[in-house]
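Please find below a note on the structure under review. It is set out as numbered points.

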Amino acid sequence: MLKQRPFLIEALTAAGLIAAPFLLPLIGFAPNTANRILVWGLFGLGFDILFGFTGLLSFGQSAFYGTGGFVAAYLLTRAGFPNVMLALVIGMIAAAAVGYLVGLIALRRTGIYFAMITVAIAEVFFFVEFNPLADWTGGENGLPGVPTPSIHLGFTTLHFTTGWSLYPFLAFCYFIGIVLALRIVRSPVGAVFRAIRDNPLRATAVGHNIHSYKLTAFVIAAAYAGFAGGLLGVLQAFMPPDAFTFDTSGQLVMQTAIGGRATLFGPLVGAAVWLSLQDFLQATLGLGAAWKLVLGIVFVLLVCFLRNGIIGGIASLYDLATGKRAAQEPKDVLPATNAPAEQPQPAAEASPARQTDAPSAPATHLEDGTTASPILQARGLTKRYGGLLANSDIDFRVNRGELRGIIGPNGAGKSTFFKMLTCEVPPTSGTIVFEGNDITGMTVTDVCQRGLTKSYQVNQLFAGLTVRENLTIAALSALRGKFRLDLFRRIQNIPGLSERVEQTLELVNLTARPDTPVSELAYGEKRRLEIGLALATAPSLLLLDEPLAGMSPRERVETVKLLKSISQGRTMIIIDHDMDALFELAERVTVLQEGRVLVEGTPQEIKNNTTVQEAYLGGVHGVLAA
Ligand code: ADP
């Protein structure tokens with residue numbers, strides 16, 4: 001539905017904002033409450049992009065709210081700035097700049113440590129505002145006298161003063177805010193944000209520079225906070241010092257959780273519940289300070305019974321009624337199969353190797369393996385974990401177009417070897433040369449961008465997304481490079497994206513399930529999607545770590561067939577324990593034992609090799625060959 005009516009949400013929002021001043025008074029809303037809800041809603045748009053869409057829980061948003069607010073208020077009250085809108089925009093830019101610097105520090109850590117850093121930084125800002133900068137910020141008195149905006153239209157001037165008179169100005173700002181936020185979450189950058197939230201490790205491995213994307217989300221959230229902070233001053237005709245307090249950050253987190261994260265409208269709905277409850281409990285019931293106790297109980301109940309917030313709860317009810325799956329977020333953000341494509345443009349940072357390497361690109365098969373050009377060469381590769389030698393002095397070469405198998409008992413060092421080849425872990429010593437370039441010490445992202453990636457032994461999927469959305473995220477890195485700020489571009493308009501996703505769906509035999517959420521896939525399908533994620537990055541060398549692991553015999557037969565078809569025109573290295581399958585697939589096989597290369601040869605040579613038989617079967621000769 002949303003695909004067919006791309007501006008439906010925007011139109012409904014506009015209609016709601018226009019209708020609100022007529023409807024809200026009927027249910028007892030004071031104009032000031034409606035205005036405050038809009039400011040919190042706008043503040044929350046950026047925060048939801050950061051927390052709901054990118055998965056970064058910050059308790060430090062008050063720092064940017066206060067920064068934007070005080071810069072705008074200072075310009076308007078002390079520096080004699082005449083233009084309110086311009087002051088708000090300058091406040092927003094100041095908050096975004098501060099957000100960039102804070103993000104550089106805070107994003108060095110993840111999870112709880114990231115959240116702790118944001119709390120600490122917000123506290124520092126609060127202190128700085130009250131003490132060293134008190135001359136500029138007014139300290140505990142704040143900055144009184146913030147003017148309200150007027151817009152000159154030539155023939156007349158619109159004055160926005162207080163109450164419902166100020167409402168149209170705030171509603172206009174909120175509308176612009178939601179239009180931009182919807183563009184962002186529907187853009188390729190928005191898709192990468194969701195990938196980071198669901199599985200940052202895989203987002204990195206499929207070639208996205210997640211640090212830059214996280215920083216982008218952080219700056220966006222700071223910019224929204226800064227603009228909303230400026231509006232707070234306008235709304236109250238006074239910039240209050242408590243904009244900087246931890247309470248402000250905490251209230252924003254709670255309102256977003258109550259309304260529903262990753263919905264964009266969640267913070268607005270949460271603010272409506274919070275502020276109207278506050279008015280009702282404090283003023284109507286006269287609970288005074290005890291209102292927070294009741295609010296606390298309401299909050300706990302909401303979080304317990306509506307884990308996805310009010311909007312998430314309504315969406316679940318709607319899906320239940322219409323028989324659809326629970327929709328956690330707008331589903332019109334990824335490309336439709338036959339979406340129109342823009343004229344092709346080269347991706348800014350995509351490596352030349354990948355631009356030319358579509359999933360079905362042919363590779364040169366040479367009869368004589370020894371004279372073929374090597375795509376990968378490892379020399380003296382060693383990995384030491386403390387006293388344990390996981391890999392020891394491995395020399396390894398794979399030629400273009402080859403399908404190499406790697407076998408070895410458990411603990412032989414196979415996975416470690418793959419991790420070093422894809423630069424997930426650095427070798428203790430040795431070098432890796434891929435496509436003629438020394439890639440030793442590079443990042444997984446850069447190596448993937450050069451065309452070397454792997455599928456994981458344990459599935460690393462984007463669990464909250466559909467099959468198509470998963471493959472889209474992987475394909476995006478091949479088409480756009482590791483970082484690109486196409487924030488307002490429609491994902492449907494990326495040339496070649498939907499074709500690449502469709503090709504990959506066919507390659508891994510998932511054409512019947514493109515819109516199925518990962519959580520609803522059978523295990524065999526998840527394994528195929530795992531391979532599909534690697535394939536969609538258009539690798540010139542694909543490593544597969546135990547692609548048959550955990551499969552039923554029937555699934556194994558199907559997957560071996562699939563691997564055979566994928567290997568056409570591709571260079572692949574496969575680790576597996578299923579020797580029958582591997583001997584059927586591979587042209588040459590390398591046997592690892594105790595971190596060293598035991599032997600290398602054709603499947604027949606390996607089967608007949610007595611050392612291999614001893615390593616595997618404790619000297620029962622001839623069993624492998626049988
Ligand atoms: P395989 O894939 O052949 O089963 P691995 O490469 O997983 O073997 O492991 C090789 C050896 O290295 C094992 O003894 C394993 O315990 C050890 N090892 C692997 N990863 C680590 C790690 N991160 N820290 C310490 N030891 C490790």
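This is a predicted model: local features need pLDDT of at least 70, side-chain atom pairs count only at pLDDT 80 or more; totals for chains, interfaces and linings use all residues.

1. Residues are numbered from 1 along each chain as its sequence is written, and side-chain values use heavy atoms, without hydrogens and water.

2. There are 13 aromatic pairs, where rings of Phe, Tyr and Trp (its six-membered ring) pair if their centres lie within 6.5 Å; planes under 30 degrees apart count as stacked, over 60 as edge-to-face and the rest as tilted. Tryptophan 40 and tyrosine 65 are stacked, at 6.1 Å centre to centre with 25° between the planes. Because tryptophan 40 lies in helix H2 (residues 31-53) and tyrosine 65 in helix H3 (residues 61-77), the pair ties together parts 25 residues apart in sequence. Helices (H or I, at least four residues) and strands (E, at least two) are DSSP runs, numbered from the N terminus.

3. Trp40, Phe43 and Tyr65 form one aromatic cluster. Tyrosine 65 is buried, with a relative accessible area of 2%, and tryptophan 40 is buried at 10% (buried: under 20% relative accessible area, exposed: over 50%, partly exposed: in between; 1.4 Å probe, protein chains only).

4. The charged end of arginine 261 sits over the ring of phenylalanine 51, 4.3 Å from its centre (NZ of Lys or CZ of Arg within 6 Å of the ring centre and within 35 degrees of the ring normal).

5. An open sheet has four strands in the order E6-E5-E8-E9, with antiparallel pairing (at least two DSSP bridges between two strands). Strand E6 (388-399) and strand E9 (437-438) stand at the edges, each with a single partner strand, so one side of each lacks a neighbour in the sheet.
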